[in-house]
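Here is a friendly note to read beside the picture. Please keep the structure open and follow the points in turn.

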Amino acid sequence: MTTPTTAVLDATEVTQAVQDLQHSVTLIAGKTTVVRAYVSGTIGPVTGVSGTLTVLRSPTDPGSTVRSVNTLTLDPNAPLDLPTRRADADLSLNFLLPPALTAEGALSVRSLTLSDSLTGAPVPLSVPANGPTVWFHSSPPLRVRVFGLRYADGDPPTTHTPRDLDYTALISWLKRAYPVAEVISSHTVIDVTAAAPFVCNDTNAQLAAIRALDISAGGDRRTHYIGQVADGGFFMRGCSSGVPAAPDPATVASSPCGAADWGWDFDGVYSDWYGGHELGHTFGRRHPGFCGESPDDLLGYPFPNGQLADGPATFAGFDVGDPKLGVPMAAMAGVVWHDVMTYCNRQWMSSYTYEGIRRRLVAEEALAVGGPQPAPVPAPPAPVPAAAPAREELRVTRSYGGRPDERFPQLSVTAVAPAPAARAMHREAVGGPEPAGEQLVSVVGTVDLTRREGGIRFVNPVTAAAAQPDQAAEGAAPNGEVPVVLRVRQGDGAPARDFPVTVKLGSDPDPGEDRTGLVDAVVPVGPSPASIELVVGGQVVDTFRPGGPPPPLLAARHAGSADGAFGLDLDFGGRVPEPGQTFAAQVSTDGGVTWQTIGVGLKDPRVQIDRRQFQPGQQVQLRIITTNGFTSSTSDVESIRV
């Protein structure tokens, strides 16, 4: 008679992204959680088993049962050590906990039972199979706005746009690897303002200017911004503009994307871990310095060679997978896989980086959230000439009076309709004093500290909501080394105003590369601003001078659809932006309660709006802000249904 198989439970591990058997890594309430039961056969033939686990949320809880999502082959004659089994998701019985069982509070693992996967007969355990008691902790969500950065190069020009997969894979990876249960994200495709081949300093400048307008309009200042650049035309090395020593979601980042496998990543997309690396910098995480990356982490990475663990018996990574993307559950041996902040192959999240990002998320949650300002009292409209009827047009409504922070008129949401020449009403928001001071402007520029060069890229009026905390980013130039100043000159003979600023140095320079970064500051410009100078090392390296009063938008006309986008031709009465004049475009999907910027520093009077960022049939409101840097004119276009 054949002796039936008997098994033993060697260990139980409750994991979400990375864990050790002592459960020292914080478990996040609501995050996808897997209980791994390490079972081995003691006697008997080779047998396939499945399992049922009983878990309790409190001492009085009658318990909930969870079935394993896989089967496990027990071979008493070929036992495997525990580190080997922890390194392979197929060598443990895996139990995917329902969301209700991962709410904040305690969870006790109890009563594992096994059954033959073919016959259903019970497989006895030689010792009681109780597991650990763990605690799920509440944690803030990750808020991120992702930009697909579209560009053209070559002759004839070829347009390169990140794939939808590049975005969805990044969001999925962040939800699986970062210490969050929820990723609140939005996705926008926009054109890069710099000519290809640009660098991440160029794209980050554009994102910083967009973010300043978003926050000025009441956006959530806890949101992190990252751009994605397709590698079809050229490869743009990614970076963040600064590594903030204190909570500062204003630090933006850009990342390349495509299908390269890097010799170890064969799922057809690398935007996930590469974007996770650059976003890690925006949470203050620095390079450990093991695989060619700069050794910046002054606290000292705790594991050798950038690994996830200092030995096979301690930490192991675990990817819960994503069935929608075809990503299976996978385990990562702690001595084979490496931290995402390295440049090593096989990247995942170490316990060190995981807990560091969680601490920063908690600190950022305390930041004030911007909100819309009250709408101003309308003033009587001033008539403007009507545009000649040509194509189908969208009506444009005027916002009257007040400062630039009073841009929240009551909006009517109506469908597109053929219209005669649309009359555009506009508001010129002259830079008047803020409630406790004066007009503020966002100034974004790029600086090369090695060559002592730089340029002012974007200047836009903003509200006090866009003001940033007075703090330096780690890695920024120390005071006095290469001082950088924004100098605002006045047109009424008053003395110029100097504002020392910190350069947010790029996070991922090549060896020997110039020290480059962003100037991203909000400064008051005084009663009669005439120009803004960028001063590097005592020398003026660039000057911004405003153009004439920004022209009003008279009409917006359909310009066709192609490649998932629809175009609008903007009519400024035949005028084109002169030097010092640009316009920005914003969209709203909630009737004007909140706005997101989809273009900044624009000069071409045609706006391409990507449909993929909206739900089918959604009503979308468009806002055009023309500016000379110090004053602006805002026009709201009737909503369109996408």
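1. Strand β4 (residues 34-43) and β8 run antiparallel to each other and pair over four bridges. Two strands count as paired if DSSP finds at least two bridges between them. Helices (H or I, at least four residues) and strands (E, at least two) are DSSP runs, numbered from the N terminus.

2. A word on the model: it is predicted, local features need pLDDT of at least 70, side-chain atom pairs count only at pLDDT 80 or more, and totals for chains, interfaces and linings use all residues. Residues are numbered from 1 along each chain as its sequence is written, and side-chain values use heavy atoms, with hydrogens and water left out.

3. Now widen the view to the sheet. Its three strands lie in the order β1-β4-β8, forming an open, antiparallel sheet. At the edges are β1 (6-15) and β8 (93-96), each pairing on one side only. From one strand to the next, the twist averages 20°; for such angles, axes are lines fitted to C-alpha atoms (for helices over the stretch in contact), and angles run from 0 to 180 degrees between N-to-C directions.

4. How many disulfides are there? A disulfide is a covalent bond between the sulfur atoms of two cysteines. Here it is taken as a pair of cysteine sulfur atoms within 2.5 Å, and the count comes to two. With bonded cysteines counted along the chain, the pattern is 1-2, 3-4.

5. One of the disulfides is formed by Cys-200 and Cys-239, with their sulfur atoms 2.2 Å apart. The torsion about the S-S bond of Cys-200 and Cys-239 is about 115°, so this disulfide is right-handed. Because Cys-200 lies in helix α3 (residues 200-216) and Cys-239 in strand β16 (residues 239-240), the pair ties together parts that are 39 residues apart in sequence. Both Cys-200 and Cys-239 are buried, where buried means under 20% relative accessible area, exposed over 50%, and partly exposed in between (1.4 Å probe, protein chains only).

6. Another disulfide joins Cys-291 to Cys-344, S to S 1.9 Å. This link of Cys-291 and Cys-344 is right-handed, with 85° about the S-S bond. Cys-291 lies in the loop between α4 (271-282) and β19 (316-319), and Cys-344 in the loop between β21 (338-339) and β22 (347-348), so the pair ties together parts 53 residues apart in sequence. Is each end buried or partly exposed? Cys-291 is partly exposed, at 34% relative accessible area, whereas Cys-344 is buried at 4%.
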